[in-house]
Amino acid sequence: MSKYFPVIGLEIHCQLATETKLFCDCKVEVNTLANKNVCEGCLGMPGALPVPNKKAVEYAIRLGLALNCEIDSKAMWARKNYFYPDLPSGYQVTQIGLIPELDHPIAKKGWIEIELDDGKTKRVGITRIHMEEDAGKLVHDLSPEGSHFDANRCGTPLCEIVTEPDIRSPQEAVLVLQKIKQILEYTGVSNANMENGNMRCDGNISIRPSEDAPFGVRSEIKNLNSFSNLEKALETEILYQSIALDAKQPLEQCTKRYDVVKNKTVVIRSKEDALDYKYFPEPNTARLITDPKCIEEIRNTLPELPDARRKRFIDSFDITAYDAHVLTIEKEVSEWFDEAATKCKNPKILANWIISELLREVKDLDGGLSSVKMTPIDLANLVNLIEDKTISGKIAKTVFAEMLETGKTPDTIIQEKGLVQISDPVAIEAMVREVIAANQVQFEEFKSGKASIKGFFVGQIMRASGGKANPGIVNQILDKIAKE
Amino acid sequence: MYNLESLKSQLNQNASTSVQLIDSSLQKLEENKDLNAFISVLTDEAKAQALESDNRRQKAALHSEIDGIPIAIKDNLCLQCSKTTAASKMLENFVSPYTATAVQKLKDAGAIIIGKTNMDEFAMGVSSGSSYFGPVKNPLDTSKDPGGSSGGSAVAVAAKIVPLALGSDTCGSVRQPAAQTGIVGFKPSYGRVSRYGLIALASSLDQIGFFTHTVRDAATALSIVAGLDPKDNTTIDAKSDFSEKLGESLEGKKIGVPKEYFGKELDPQFKTQIEATIDLLQKNGATIQEVSLPHFSYAMPCYQVISTAEASSNLSRYDGVRYTYRSSEAKNLNDLYSKTRGEAFGEGVKHRILLGSYVLGADAFENYFIQAQKMRTLISEDFDKAFETCDVLLNATTPKAPLAIGESSSFTESDIYTVSASLAGLPAISIPCAKVGNSPVGLHLTGNYLQEAELLSIASACESIIQYQA
């Protein structure tokens, strides 16, 4: 699409799934009464002091370990100073230091792997993960007289994950964001819901004329809140930068936002306007000393991560790499499949059912998979019933629909509706002979070798049996009678 | 005799009731109104609490040995439902929704807060003259300032309105006014007392301290207030009985005298008095040893960088958006900030915010802030070395007598002898040791980190040898 080669790095902000805020005991709760969950601490009252939330630190360490990072057992807090009405204390407590001695984020030097379209995996470096507090919210449309301030979000714990500029296309950027979202979900560190804003992404991008040329001038595109916006914004920016370079116009380092409607990146501020945040160590919090034993304990209790789970699904359930990929994108789906597969005689067929039937149905449901009435064990049993030839694949679809609708077990539905497959050759032969008797002319054609008419007979017989006849046996018997 | 111990015995011997003590405190406060030591007086609350205390006494259900005793607190300590102004127009109408941990501990012990004392605005100053509510006067000479920034608390104790007052000390703001009003001023180790609810000046230096008439009273106060606070991440979990060593003699105690503290800035008459005191202590068994704190002269510049840096950030919250003063002239957001802060902060405060913002700026950070941090470490190491051979260090609390009201500037040198202990986080105490004319001379003793019991023991021994007459 372009003769230039993009270089991309991401900054991903995610909200940690703690019950309380980063530096006080107030509840983290959205969609509640304005200023309900506030105290002297998160309101920036005079004299209040921050006390770091242990759970948040544990989550950040867990995330660091899941992203293969080194954990800093002497992490430091710092203040980022700026004035804005949604920032009560006039500074944000974060973990950034201007000089190496003062820069001690909780984790650094990690990596993740993404799976490219050609089947290869690619490693992308994680520069650092630092913890910080969120600001509050300004409400501008409540009254004409002025803006209003809601401090519920003040002090909500966040982690910022910074990647190395290892990403080479907008598509790779999406894979990286997907992988990190996946890891956030698997580790339980964050709900990582982009729609709710508890995960968002900034993209740093520059282009260069060849793959080994020095990096170009970069722009940072802020607050990309979906995979498609990330991809579109990066593509748009590549186009913009390419046109500028083609026209020999110099690029300026700047911060931008993405206008979804116009599909354009818009400059928010240039490098000259960059704020001096006057970072310095937060004097109210001691260094965050973490016992190495504690870090090891967190490492040992890390849950199975997406890559490992995908591999296990392939190895122990003998499903395809593609199916394993689809089934592990979302933690909930992977757990659903995992539970069902251990009880299922044919996990391959089960995987098909989940991917092509269940996930399609779930797509339009509000609560996602958790709102489905069907249990994993019941779907496993449904597949087992097909395997046993108790029911046909066709009947299974009817049963599946009923299971979704009512949450009843497949056995109950089959019994209630009398859907058990008829596999008794004697019973089937009687049905076949009945249908032949009613269609003598066609049967003679079939006998004389017109194979295409066989389908007609199978169809008729299936209809006569209410779909319950075992199609395999129907076929055998038809052939047998034809040879008589 | 007016002190914590004597009021305790009055109550214990039923010579007085808490109601009577509070009444007499409030009366004393009224008589000394011209000293301008208080920003707010909690008459009704104090009287009601005194009644409750007397009831407890009748039922033998006292909360502690200081139950029913009147005290005062500096107006930068938060007290729920009371105005907490830090002597600034910015917080003129701020009513705190919560109570500082140290204050709560005193309240839980049954102490009765009769009022909140005047101070330099946001504790920035050495004279208590920068208060939005007018300057505090020195009871020993009302034309002079009482020192600062906790001048109101010093005066409340010196004028015998209360036997105990809380102040805050960032580079001498308790010890220096205590010296200038002839009483005891004690700053514990950094982290010994919770800062939760203390309006911050420089968070890495601020520490709550005590004004009393005796060293024993200071030990009593520290025992009540000290301890780990889950709300202050910088408090220390080290239990100690601060009175256990009181009464020990000076025999065998090693007192170091840092030679750098006797330079040309020290008033010759003050110097004479301090040297006479050293002789006296030596005659009473103390071993006197000259020591060196070679980085002494860098302490004040180092302090000015660190304290203004931290203060500039700490004071950012006063922005006109929520609970502070708000300019009525603001037309837009930047206006709201600049006009609010322009109108409500005093000169000394603005001065420090500008300086602090400068030293934290990207261009100056490494040359100022980082250098100051390195210097702070060197200053601490000077003390570590001195304490290898000494139990305490001795010097004058202030180099000279207090100035006339209004003469003190934003950066007067009267805290050059107290600042190092703050930078090193060490406990230090000022006790009166002599007089030069009308002005008391403060004897400043610095103890090793968390060695308050030893420091108080030596200070108490000095106190009884010196027999200072107010």
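Helices and strands are here DSSP runs, helices (H or I) having at least four residues and strands (E) at least two, numbered from the N terminus.

## A buried threonine in a loop

In this predicted model, A:Thr18 lies in the loop between β1 (5-15) and α1 (54-66) of chain A. With a relative accessibility of 7%, A:Thr18 counts as buried, because the cut-off for that class is under 20%. The side chain of A:Thr18 reaches the backbone oxygen of A:Thr20 at 2.8 Å, and, once neighbours within four places in sequence are left aside, A:Thr18 is in contact with A:Val28, A:Asn53, A:Lys55, A:Ala56, A:Tyr59 and A:Pro157.

## Salt bridges

Over all chains, a search of the whole structure finds 48 salt bridges. One of them joins the side chains of A:Arg62 and A:Glu58, with an N to O distance of 3.5 Å; both residues lie in helix α1 of chain A, four residues apart, which is about one turn of the helix. A:Arg62 counts as buried at 18% relative accessibility, whereas A:Glu58, at 26%, counts as partly exposed.

A further salt bridge is formed by the side chains of A:Glu402 and A:Lys417 (3.1 Å, N to O). A:Glu402 belongs to helix α10 (residues 393-406) and A:Lys417 to helix α11 (residues 410-417) of chain A, so this pair ties together parts that are 15 residues apart in sequence. A:Glu402 is buried, with a relative accessible area of 18%, while A:Lys417 is partly exposed at 45%. In the salt bridge between A:Lys454 and A:Asp479, the closest N and O atoms are 3.3 Å apart; since A:Lys454 lies in helix α14 (residues 454-464) and A:Asp479 in helix α15 (residues 471-483) of chain A, the pair ties together parts that are 25 residues apart in sequence.

## A three-stranded sheet

Three strands of chain A form an open sheet in the order β5-β4-β15, with antiparallel pairing. The edge strands, each of which pairs on one side only, are β5 (91-94) and β15. Four bridges join β4(A) to β5(A), and A:Ala78 stands opposite A:Thr94 in β5(A).

## The interface between chains A and B

At the interface, 33 residues of chain A are in contact with 40 residues of chain B, and the area buried between the two chains is about 3,000 Å², of which carbon and sulfur atoms give 61%. In chain A, the residues that lose the most area to chain B are A:Pro46, A:Leu49 and A:Phe83, together 21% of what that side buries.

Between chain A and chain B there are zero salt bridges, but 19 residue pairs are in polar contact, both residues being at pLDDT 80 or more. β4 (78-81) and β15 (280-281) of chain A each supply at least two residues of the side that touches chain B, and by class that side has 22 nonpolar, seven polar and four charged residues.

Technical notes. Residues numbered from 1 in each chain as written. Chains lettered and ligands numbered in written order. Predicted model: local features only at pLDDT ≥ 70, side-chain atom pairs only at ≥ 80, totals over all residues. Heavy atoms only, no water. Contact = heavy atoms within 4.5 Å. Buried area = accessible area lost by both parts, 1.4 Å probe. Salt bridge = Lys/Arg side-chain N within 4 Å of Asp/Glu carboxyl O. Polar contact = N/O pair within 3.5 Å; in protein donor to acceptor, adjacent residues only side chain to side chain. Nonpolar A, V, L, I, M, F, W, Y, C, P; charged D, E, K, R; others polar. Pairing = 2+ DSSP bridges. Buried < 20%, exposed > 50% of the residue type's maximum accessible area, 1.4 Å probe, protein only.
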